[in-house]
Amino acid sequence: MSFTVLIIGAGGREHALAVKVAASPRVTRVLCAPGNAGTADLGENLAIEATDSAALLTAARQNAVDLTIVGPEVPLCAGIVDRFEGARLRIFGPSAAAARIEGDKAYAKRLMKRCNVPTGEARIFDNFQNAKTYIATRDLPQVVKAAGLAAGKGVFVCDDPADALLAAERLMEEGICGDAGRRIVVEEKLEGPELSVIALVDGRTIYVLESAQDYKRLGDGDTGPNTGGMGALSPPPTATADVLATIEREILVPIVDGLRSEGAPFRGALYAGVMLTAGGPKVLEFNCRFGDPETQAILPRLRSDFVEAIEAAIDGRLDQIELAWDPRPAVTVVMASAGYPGKYEIGRIISGLNAAALPDIHVFHAGSKRIGDQVFTDGGRVLAITGLGATLAEARARAYQGVRTISFEGAQYRTDIADWAVRTPRASGG
């Protein structure tokens, strides 16, 4: 019996999702819109942008799609799930109302406060003069965030109040993130190791997946501008059983309950970016979808049928599943175009892709495009190379082996992904 899955998006996350979807014994056809050079090898790419919900709905009907999985946040926040469900089509992801937890950081902060979810102290501003006055009174480091969606580029970590003032001015007055930055959140800078926790949620039941840590800064040693993510590892040594239980109990459960009480039950992948502070885990941000590049580190470790898990979340029966995982850790390194996260050029030939795809080395495409027999760069983040190994050191070595095998003009990547974790023994109880 045929079973067709449509994956919406074009990044490394979507390629990782497509790999797991294609591996399901139930799936006979995989479609990706718009997809990339990697997803094209698994099925068929549709020339439809992820934000064109009308065209995507038409394509789902014409191709008799049985299940749609949404990767990026923009279509989710725009209500694509509501539109598909209104047409009685099965789709994985939260409603627009529930996706607001990512689409509006000001709303998320207020919800966290109402639900007593631990997070940094924050103030919300839609007037630059008021923000300027507040920031000028702060002596401690601040984080300035665009309240709206800014593709991971609307967050400024400022150790100096002068930098925070400049960030607020660039967002609110200069409009560097457009309407997304007209309202900002100014919050205290939290200290500690970061942890990414992603859970499948069916409205009530929460199923926490294997954890990860991502690297947001462009350069080694966490220097340079924030990006969409330059690498990840799964699981980090800090993700002990006790830490994860605390995060589920104090963060995930109250926020899922809070969304349901507001008439916006969350069904989909709920991402909590958490800082493990001296005072316990505190939320940095919530996302309404799978992380990128965390998904590229987590999903290669999944041994169970991914499609079965997705459908359990849609149908409200997550309490009936149990996922099996590869106990080996994974390390992911992102290869990006020169100039990213600023202005970059595309159209560079990528070589070494086939040679890099060895056992326990996964090459996930993001900003890539196939023309004839060659693959070219077609975005800022181009590839994500994931290695698995018996130890983090082995996984890291395999990831960088893949990175060294692949080349394109201007390629940039961090050389320190998972370095700290390799030197840190995993705590007991994890």
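Here is a short walk through this structure, from the overall fold to a few aromatic rings. Keep in mind that the model is predicted.

Let us start with the protein chain as a whole. Its secondary structure comes to 15 helices and 23 strands. The C-alpha atoms fill a box of roughly 60 × 45 × 45 Å along the principal axes. A compact globule of 430 residues would have a radius of gyration near 22 Å, and the protein chain has 21 Å, so the two agree. Of the 430 residues, 56% are buried. Among contacts with a separation of 6 or more, 69% are between residues 24 or more positions apart.

The protein chain has an accessible surface of about 17300 Å², and carbon and sulfur atoms account for 48% of that. There are 46 positive and 53 negative side chains, and the centres of these two sets lie 2 Å apart.

Finally, have a look at the aromatic rings, which form four pairs in the structure. One of them joins Phe125 and Tyr134: the ring centres are 5.4 Å apart and the planes meet at 40 degrees, so this pair counts as tilted. Phe125 and Tyr134 are both buried. Another tilted pair is made by Phe290 and Phe306, with 6.0 Å from centre to centre and 50 degrees between the planes. This pair links distant parts of the chain, 16 residues apart: Phe290 sits in the loop between strand S17 (280-287) and helix H11 (294-298), while Phe306 belongs to helix H12 (residues 306-315). Phe290 and Phe306 are buried too, and together with Phe92 they form one aromatic cluster.

Key
Residues are numbered from 1 along each chain as its sequence is written. This is a predicted model: local features need pLDDT of at least 70, side-chain atom pairs count only at pLDDT 80 or more; totals for chains, interfaces and linings use all residues. Side-chain values use heavy atoms; hydrogens and water are left out. Helices (H or I, at least four residues) and strands (E, at least two) are DSSP runs, numbered from the N terminus. The radius of gyration is taken over C-alpha atoms; the globule rule is 2.2 Å times the number of residues to the power 0.38. Buried means under 20% relative accessible area, exposed over 50%, partly exposed in between (1.4 Å probe, protein chains only). Contact means heavy atoms within 4.5 Å. Accessible areas come from the Shrake-Rupley method with a 1.4 Å probe; for residues, only the protein chains shown count as cover. Lys and Arg count as positive and Asp and Glu as negative; His and the chain ends are not counted. The place of a charge is taken as NZ of Lys, CZ of Arg, CG of Asp or CD of Glu. Rings of Phe, Tyr and Trp (its six-membered ring) pair if their centres lie within 6.5 Å; planes under 30 degrees apart count as stacked, over 60 as edge-to-face and the rest as tilted.
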